[in-house]
Amino acid sequence: MTTLVQSQSRDASGTRAIFMALTFGLALIASVGFASAGAIHDAAHDVRHATGFPCH
Amino acid sequence: MQHTMYATRPAFPATNMLRPILTTALLAGAAAGATAGLLHLVFVQDILLSAETFETGSEQATSAVLTVRNALTIMIMVMLYCGYGLILVALMAFYGQTGDRIDARRGLLWGVAGFAVVILAPAFSLPAQLPGATETDLATRQIWWMIFVVSAALGIWLLAFGKTPGQWAAAVLVLVVPHLLGPQLPDILTGSAPMELAALFTARSLGVGLLTWLVLGSVAGAIWRREQAEPA
């Protein structure tokens, strides 16, 4: 019984961790690839061109 | 052994799985980003700079300006591939819940798939463009980029893990249909750089993308395996 409860909480925490990692990852990609603020655009300009993000 | 594992589990189980995902993704992302940055500087940056001289008609910037620009490019590549790494490892963890093991060799296949999803699929209709290419609406291209990437991710996941002919057929549809509906070249083309430069740039961008994703996938696979082997 104890083992069952623990393995369920393990799965739920795993799913939460997976969603958190996906969110962090998407936030990083969005700021590098899509953010239009001038400074970010200038810093990321060459990377956007070379990795296929639409740039300007 | 099992008992030791449970006894040493931290009080907040959310960090239990998050820590190995973050460790794996950030180490693999840093390795891949550094690879991408170096390959970019060796094989791609000169093409981009000479396209800019065609675009603006002026000479290249001074070497001090270029050094800062190159350093920023390496830093941004590391950020980008840490982002891709987080998503890749999160998906590996999700897939791992079915009980299948991932190692460096398996990770290589995940890397090829990641390349196909975020580099090759959008490039099929929106190839990497040099500065000075004909300008079309940016927001429209960004939306199509996302559609191409999401549909390719779904299609390749179905191809890799689908079990029925119906799922494989759906995968082919999801992969192909967005490119039938997607953005067309404008009627009037005004790109300033010679086509030889543009072709080399696009091809090099794909090649650097593939090598980088091979590093990201195999390093992530190798570290993920070690993280899974030791009790969290």
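1. Terms first. A residue is called buried under 20% relative accessible area, exposed over 50%, and partly exposed in between (1.4 Å probe, protein chains only). The model is predicted, so local features need pLDDT of at least 70 and side-chain atom pairs count only at pLDDT 80 or more, while totals for chains, interfaces and linings use all residues; side-chain values use heavy atoms, with hydrogens and water left out. Residues are numbered from 1 along each chain as its sequence is written, and chains are lettered from A and ligands numbered from 1 in the order in which they are written.

2. Chain A. This chain has two helices and zero strands; helices (H or I, at least four residues) and strands (E, at least two) are DSSP runs, numbered from the N terminus. Of its 56 residues, 43% are buried. Its accessible surface is about 2,700 Å², and carbon and sulfur atoms account for 69% of that. Accessible areas come from the Shrake-Rupley method with a 1.4 Å probe, and for residues only the protein chains shown count as cover.

3. The interface. Chain B brings 45 residues to the contact and chain A brings 36 residues, where contact means heavy atoms within 4.5 Å. About 3,600 Å² is buried between the two chains, 71% of it from carbon and sulfur atoms; buried area is the accessible area (1.4 Å probe) that two parts lose on being put together, summed over both. Six residue pairs are in polar contact between chain B and chain A (both at pLDDT 80 or more). A polar contact is a pair of N or O atoms within 3.5 Å; within protein, one must be able to donate a hydrogen and the other to accept it, and residues adjacent in sequence count only if both atoms are side-chain atoms. On the side of chain B that touches chain A, α1 (2-7), α2, α3, α5 and α7 of chain B each supply at least two residues. The largest share of that side, 15 residues, comes from α3(B).

4. The salt bridge between the chains. A salt bridge is a side-chain nitrogen of Lys or Arg within 4 Å of a carboxyl oxygen of Asp or Glu. The rule finds one across the interface of chain B and chain A. A:Asp46 and B:Arg69 form a salt bridge, with the closest N and O atoms 2.7 Å apart. The pair runs from helix α2 of chain A to helix α3 of chain B. A:Asp46 is buried, at a relative accessible area of 2%. Salt bridges link A:Asp46, B:Glu52 and B:Arg69 in a network.

5. Salt bridges within chain B. Over all chains the count is four salt bridges. B:Arg19 meets B:Glu227 at 3.7 Å, N to O. B:Arg19 lies in helix α2 of chain B and B:Glu227 in helix α7 of chain B, so this pair ties together parts 208 residues apart in sequence. B:Arg19 is partly exposed, with a relative accessible area of 43%, whereas B:Glu227 is buried at 13%. B:Arg225 forms a salt bridge with B:Asp103, also with a closest N to O distance of 3.7 Å. B:Arg225 is in helix α7 of chain B and B:Asp103 in the loop between α3 and α4 of chain B, so the pair ties together parts 122 residues apart in sequence.

6. The largest nonpolar core. A nonpolar core is a set of buried Ala, Val, Leu, Ile, Met, Phe, Trp, Tyr and Cys residues joined through side-chain atoms within 4.5 Å. The largest one has 48 residues, and B:Tyr81, B:Tyr84 and B:Trp213 are among those with the most contacts inside it. The greatest contribution to this core, 13 residues, is from α3(B). Apart from it lies another core, of 12 residues, including A:Ala50 and B:Phe201.

7. B:Phe201. This residue lies in helix α7 of chain B and is buried, with a relative accessible area of 0%. Leaving out residues up to four places away in sequence, B:Phe201 touches residues of both chains, among them A:His49, A:Ala50, B:Val44 and B:Ala128. B:Phe201 and B:Ala128 are 73 residues apart in sequence, and their C-alpha atoms are 7.5 Å apart.
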